[in-house]
Amino acid sequence: MIEVTTFADQPVAVFGLGASGLVTAHALAAGGAKVIAADDTRARVMEAWDAGLPTGDLRVADLSSFAALVLAPGIPLTHPEPHWSVVKAMAARVPVIGDIELFDRERRARLPALRFGAVTGTNGKSTTTALTGHILKVLGERVQVGGNIGRPVLDLDGGAGVAVVECSSYQIDLAPTMAPDVGCHLNLSPDHIDRHGTFRNYAAVKERLVSASRQVVIGVGDPHSAAIADRMEAAGKPIRRIGVFDTVEAAASLGRAGVAAVGETLYTVVDGQPQAIGSLAGIGALRGRHNGENAAAAIAMAIAFGHAGLDAAAALATFPGLAHRMEEVASRDGVLYVNDSKATNAQSARQALSSFTRIHWIAGGVPKAGGIDGLTDLFPRLEAAYLIGEAAKDFAKTLEGHTPRAMFGSLTEALDAAAEAADAGDVVLLSPACASFDQYRSFEARGDEFRALVTQRLAATNDNARETD
């Protein structure tokens, strides 16, 4: 744990006592802050109390005496409306910040040997974060990976090395002075509009990460991100563009410095001249066009941290992949079962749908804006769709006339139907294009259930086969 000493002897309120909130409160208390921990859920307050943290009711507290309100990223800062604790803090002119802000303040204040790489983007940031960490570790760096990817950033330690941190838009919004050594922005598409009000606001939050970074890695695969890249270059930032292209000639458009994927081949680009450095061929964990972007970004991050592109590309071969992101769970009788539960919007689901053919697609949950309307070009890849959750009816309408589809009351029922229908060469794909909160507490819980159901089903098939024998 990184002890947060920058608020020593000062009163600090911590609101939101999930995993990252508890770690934050402990880190502040260990660093000498006078912490008051709070949450709207009484059970979480009691958990904090049992863990030895001072708790209190911020509704009746005089927040004007506090140095900061440290807010968990899941608590609304601005939209659809500020949480009551935020309203109260703003009225008292108390700064509202988050754990990423605390981490970077502490790093700058007393941990100069801990370098900071930050990754954001609408899609691909978890894979890119994990892949960057993997490459740097293979290349001999002491690496820690945390943030939105799962491990709270203050749960890292303060030793020398590199911290590779996934940053959501919520976390960036709570980190006004964050200044990474290397900042990576992958892409932009509409997401989390409910929490930022407009796409423009959402995009502006994402841009803040790279605008504050000393070196910038940025994708140019969509016009919004390409415009950010141009602004960063005009501002004099050291920048490496990354992208996925159909030809080597097109990859030359990355200009002065960049990394490109053309098919399965990876190139560094220097002064418009592409040079092949490696290949994604045969790396199951990096299947699909979108992983070309992720791999290019991770290599560019490694280059920014002082490593050779050729060495970084060689490290890709041993990447084990990320749970819940195109995770190959099992294969039986020629049918591949893939857990892509992290695909919580249509653009993310597009990546998996683009990577396979003959798909039995399990989709649904809490829909995002636009549903799956933008995926119609991929519907010919579907053998059938198995729809669950709140989105099932709307998705069924969108799919009408394109592919057989049916609605189910649970993931278990949908998987059973898909597995029964699938033939050799088919893929049973959980890629929901939706949030999970109608039926699960998180996309991880949804993916864990899919994995367990597949394992149980195949084990039962084995038992039946033995009985038949």
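Where does Pro80 lie? In this predicted model, Pro80 lies in the loop between β3 (68-71) and α3 (84-91). The peptide bond that leads from His79 into Pro80 is cis, and its omega is near 0°.

**Overall fold**

The chain contains 16 helices and 21 strands. Its radius of gyration is 23 Å, close to the 23 Å that the globule rule gives for 469 residues, so the chain is as compact as a globular protein of that length. The C-alpha trace spans about 70 × 55 × 45 Å along its principal axes. Of the contacts with a separation of 6 or more, 65% are between residues 24 or more positions apart.

**Interior and surface**

Buried residues account for 54% of the 469 residues. In soluble globular proteins, nonpolar side chains tend to be buried together. The largest nonpolar core here has 47 residues, and Phe7, Leu28 and Leu154 touch the most other members. A second, separate core holds 36 residues, including Ala130, Val164, Ala304 and Ala312. Leaving aside residues up to four places away in sequence, Leu154 touches Met1, Ile2, Val4, Val23, Thr24, Ala27, Asp99, Leu102 and Phe103.

The chain exposes about 18,700 Å², of which carbon and sulfur atoms supply 51%. Its side chains include 42 positive and 53 negative ones, and the centres of these two sets lie 5 Å apart.

**Loop residues**

Most residues other than glycine have a negative phi, and most peptide bonds are trans.

Ala285 is placed in the loop between β13 (273-279) and α11 (289-304). With a relative accessibility of 23%, Ala285 counts as partly exposed. Apart from residues up to four places away in sequence, Ala285 touches Asn291, Phe319, Pro320 and Gly321. Ala285 and Pro190 are 95 residues apart along the chain, and their C-alpha atoms are separated by 26 Å.

Note on methods:
Residues are numbered from 1 along each chain as its sequence is written. This is a predicted model: local features need pLDDT of at least 70, side-chain atom pairs count only at pLDDT 80 or more; totals for chains, interfaces and linings use all residues. Side-chain values use heavy atoms; hydrogens and water are left out. Helices (H or I, at least four residues) and strands (E, at least two) are DSSP runs, numbered from the N terminus. The radius of gyration is taken over C-alpha atoms; the globule rule is 2.2 Å times the number of residues to the power 0.38. Buried means under 20% relative accessible area, exposed over 50%, partly exposed in between (1.4 Å probe, protein chains only). Contact means heavy atoms within 4.5 Å. Accessible areas come from the Shrake-Rupley method with a 1.4 Å probe; for residues, only the protein chains shown count as cover. Lys and Arg count as positive and Asp and Glu as negative; His and the chain ends are not counted. The place of a charge is taken as NZ of Lys, CZ of Arg, CG of Asp or CD of Glu. A nonpolar core is a set of buried Ala, Val, Leu, Ile, Met, Phe, Trp, Tyr and Cys residues joined through side-chain atoms within 4.5 Å.
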